[in-house]
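Subject: Structure handover, salt bridges

Hello,

Please find the structure below. My notes on its charged side-chain pairs follow.

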Amino acid sequence: MAAPARVPVVDVQSDNLAELWPSMVLALRSATFVAVDTELSGLGARKSLLSPCIEERYKAVCSAARTRSVLSLGVACFKQLPEKSENTYLCQIYNLTLLCTEDYVVEPQSVQFLVQHGFDFNKQYSQGIPYHKGNDKGNESQSLSVRTLFLELIRAKKPLILHNGLINLVFLYQCFYAHLPESLGTFTADLSEMFPAGIYDTKYASEFETRFVASYLEYAYKKCKRENCKLRDSSGQHLAVEFCSYPANMAQYIDYRYCSLQEESHSAGGGNKVPVCEKFSAYGWCPKGVKCPQSHNIDLIIDEDDKLWEKRKKRKHKWKHRKNMEVPANAFQQESSGEKTEQAQNGEEGPPRKQSCYKPAAATELAEITPSREGRPLEEISMDMETEVSSDASTQWEENLGSTERTAAQGAAALSPCAKGNASDSDQVERKSKFPAGLSGSHPAIPETEAAGAAGKEKETQGPPSQGGTHRAGFDAFMTGYVMAYVWMLKKGKNTDAAAGPWLPDCHNKLYLSGKSVPLQIVKSLFSKSSKAHSEKIKLAWDSA
């Protein structure tokens, strides 16, 4: 089994912002693409966030963004290293602790979720980087602030990667850019000008490109990592990620995430294996949270999904074998009819779909418990509104998708108030490292490969069966970027012309929408103009660049 990889996350707060600023700006400007994630103080009423009308959804998210705040911001800059291979990246990850200077709502479930996953509110209120929402107050374009950092992201003109990104984008706009426009059309018009290199949603990519049976962030990340390891072991084209080796004097700023391919507790043997929580397996969240007696181990969930898929493949093979045998016409028709029914039930037309633990009252239950990010009972706080839809909506969705196995009986399997990574518990085993670390970007990068082991690491601690790792915006941003880098590699392997048109055409400017068979397109239509606040802000951004 591959040794755990250390993923260094640079903690940025008010007392070290000036010191780390040059490295962050350099990382943004030199990146091939940038992945972003947020932690929020709440989302408001979940029912309106899932309205069938997309314009109503937008208004609901705007209301939340105006009354809630971003508590932390994760930024992961992926820089391609063509001198090594076209699929090798240097990744620099930052976790910014923020403090809104205006009054804002904090939802109790949000606080509970964040505390359970290691968020330090004492640190936020004592060292959080202050910011205000809405339009600029005077000339702020040259100040060292998170609003200016967001401007640097826009100036960099890099592809922007998010997981289930609509909520993220609305909060980023309101908190760090300008007052939100009233209409969705104007908002998407503004976004298309702010990020001309394109916006990419890993939730959409996981659903419609890789066709994973589940698409909440941690599941997608670990699934990509597993498949990538198989490619590496077979000497095939594979993704490689390297990190900076930071100087010892910067160790106080670095938090290492340990992300093994599989947990030792899982691979050690299945003697007294804890059963998988079906709710968490399907949706990436569980109403019982860390108190759930069943397992939330993503590796175990993926193992079971793989076994189920192999079983379906064997069943399909047997069916094909019988179909090719000579039988009386009428008998064949009966058998074929029966097999088609079985095939539809088992999802053998198209990608495998996770069996849903859907219940008719799920939407009501979700609104009560509030679920990343990527995305949960409050797990959703980090933005994943991937929740179950009604059986009627599910049936209509199934008809629209056709080949994907989303039957009405399954309810909306694969929609998950995910762990958008955000909702997802980052790593099952998280350990705080005492290794030297330091400033990124301003120092020459001494790569530390993803596969490099952590020598002398502390022994992993075992928690309750359901417990996952610490939930952080920085690491979630890394997982988001990793998923997109893997999808990009697969698409290039299918002879996609990387030199022509958008960076990743099949996912370009498409945001995932829960319960919808089509994405939200980030385009400037003939009927929508850019907002006045955006026009003034974008001009200022270029004039002060």
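Does arginine 155 count as buried or exposed, and at what relative accessibility? Arginine 155 counts as buried, because its relative accessibility is 14% and the cut-off for buried is under 20%. Please keep in mind that the model is predicted.

The side chain of arginine 155 pairs with that of glutamate 152 in a salt bridge, with an N to O distance of 3.1 Å. Helix α6, residues 146-156, holds both partners, and they sit 3 residues apart, about one turn of the helix. Glutamate 152 is also buried, at 9% relative accessibility.

- Aspartate 136 and lysine 537: their side chains form a salt bridge at 3.1 Å, N to O. Lysine 537 is buried at 6% relative accessibility, whereas aspartate 136 is partly exposed at 25%.
- Arginine 232 and aspartate 233: the closest N and O atoms of this salt bridge are 3.4 Å apart. Aspartate 233 counts as exposed because its relative accessible area is 59%, and exposed means over 50%. Arginine 232, at 32%, is partly exposed.

Besides these pairs there is a network of salt bridges, which links Asp11, Lys123, Asp255, Arg257 and Arg472.

How many salt bridges does the count come to? The count comes to 20 salt bridges.

Regards

How values were computed
Residues numbered from 1 in each chain as written. Predicted model: local features only at pLDDT ≥ 70, side-chain atom pairs only at ≥ 80, totals over all residues. Heavy atoms only, no water. Salt bridge = Lys/Arg side-chain N within 4 Å of Asp/Glu carboxyl O. Buried < 20%, exposed > 50% of the residue type's maximum accessible area, 1.4 Å probe, protein only. Helix = DSSP H or I, 4+ residues; strand = E, 2+ residues; numbered from the N terminus.
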